[in-house]
Amino acid sequence: MLEEDLDSRLTLPDDGLIRRVKALACTAPLQALEANKGSLGRVRADRYQMVELALHAIDQVAMSMDFENGAAHADVIRQVGRFAASQVPEDKPDDHRAVAEWVLQKLINVGTLDRNFVWKYGRTDEAGNYALYDWPFRLLVEHPVRHTNEVVLRVTDEAINVLVGALDTDVESAQVAAEYKLENLITRGRLADAKLAAEQARYRTVQYGEYLRQYLEATKRDVRTVDWEEEVPKLLDEALGHIESRYRHENAILANITDKRDQTQDPRKKLQAAELVDIVRDCINRHMQLQSKLQGAGALFRSEQDRQQFSGPAGRPALDVYGQVLTPLLGLPVGQAAGPTAGFFRAGVAPAAPVVISIAALTGRLLRPRFDRPLYAGAVPAPDLAERLDDGSFTDEDRLHGDHVLDMGIGECHSLNTVLASARRFGADVERYVLHRAANAFNPAVSEALLRGVPDVLVATSDSVAISSPHVEGDGLLLSRVAIEPGDDWADDQNVVFDEEIGL
């Protein structure tokens, strides 16, 4: 009986397990930053703590958000760069900025088509069948501001969940719990812990505001996607009541913190209390912004309803060129793909303007007096052709003699004077060709030779003896032919693979 009960529970969908998997997925991009920081390039990124820099960037964006605006890219890069300078102060400011830009780009997921991180999770249906699903999510998103035409950064719910360590939590309940915890810690005088609780309460306030902003944005796009008869009015009433109670509660906390700040004689506790005052005041300001938006939500719905009702039929949806055109066409034979491709470009190219666009222009052209044109354009002037000059290129014979002179054994070392003397017997052009090969051998393309499978390369090093030749002057070289073989390190460098399971 126990085994049957256990089997039946295993076949049911486990929503709690899925939430925990998604919670771990939110931290995967941060862990990938730490794992892939060696790909940063010229900066020695192994000395930086990328997870801390990423959390600091998310924190800066969250604290700069309100209903319309967000954080500017330059401000976030500057703040994260300062934090990077505190981690590795001996690096240059340009290196700190490069690290900050790299962290911000990875959090936005620059380089992907839809900017989504993708994590796979499994789910068992009622029939006991296990299947994998994709869960796309983001941490930082770029959001356009209408009245300024700027693009700012905003945090997502997933990013806030990474900060406060919870997932899929009721926002109002979490906000109340965080504020009661904050009041309890202040009463007990634990200001350091109270600061952390206050920051978590502020994150929940940001999350609650972001949820309402998305709800109102959906109303602006299409009022039919939301229930304005029962669900939305009930939600607005609950939100207004929540803000009213939180406003009284936060003002009481603010008065308590102020008393603690004025009564204590410890400078450290005074500083902590001052920081708490700033955080709680910021929470109060955010609640006031929420209240103004909620009070105008009814008027927004009525105006959007009138606008969308009389705006005419919906426009044609935008075409996904990659998913709806390119991908299907790549799977078709050339004969079948020619017709849709021609139709797409015929509809996508702007029409050409006609020669005559009005009756007045047509009348003017018809009444224009006729004039006779000559049958031929006139005499064609004879071109002044100059004799082709010698471009100085090497002939096949010169290359053959030069390669014969440079055909030395592996490990043998010859001076450039000796090689040029052997080449001079075949002519000045062969000597110039050998000198050209020797100059290129001073910095040989070893990687290209490895890719082409060349067994050896010509290598040149400096020599203190000057060149003794009637045609050229300069410092001498020592020439040698060196065998090359691809090693394990080269193979690893040519096969650097980044973790693409989450979209990085």
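Ground rules. Residues are numbered from 1 along each chain as its sequence is written, and side-chain values use heavy atoms, with hydrogens and water left out. As the model is predicted, local features need pLDDT of at least 70 and side-chain atom pairs pLDDT 80 or more, while totals for chains, interfaces and linings use all residues.

Sheet first. Three strands form an open, antiparallel sheet in the order E5-E7-E6. Helices (H or I, at least four residues) and strands (E, at least two) are DSSP runs, numbered from the N terminus. Strands pair if DSSP finds at least two bridges between them. E5 (413-415) and E6 sit at the edges with a single partner strand each, so one side of each has no neighbour in the sheet. E5 and E7 (residues 475-483) pair over three bridges.

Now the helices. H16 (residues 416-424) lies across E5, E6 and E7, at about 75° to E5. H17 lies across E6 and E7, at about 100° to E6. Contact here means heavy atoms within 4.5 Å. Axes are lines fitted to C-alpha atoms, for helices over the stretch in contact, and angles run from 0 to 180 degrees between N-to-C directions.

Last, the pocket. On a 1 Å grid over the protein atoms alone, a pocket is an open set of points where a 1.4 Å probe fits, with protein on both sides within 12 Å along at least five of seven lines; lining residues have an atom within 4 Å of a point. Which residues are closest to the centre of the largest pocket? Arg 437, Pro 444, Ala 445, Val 457 and Leu 458, of 14 lining residues.
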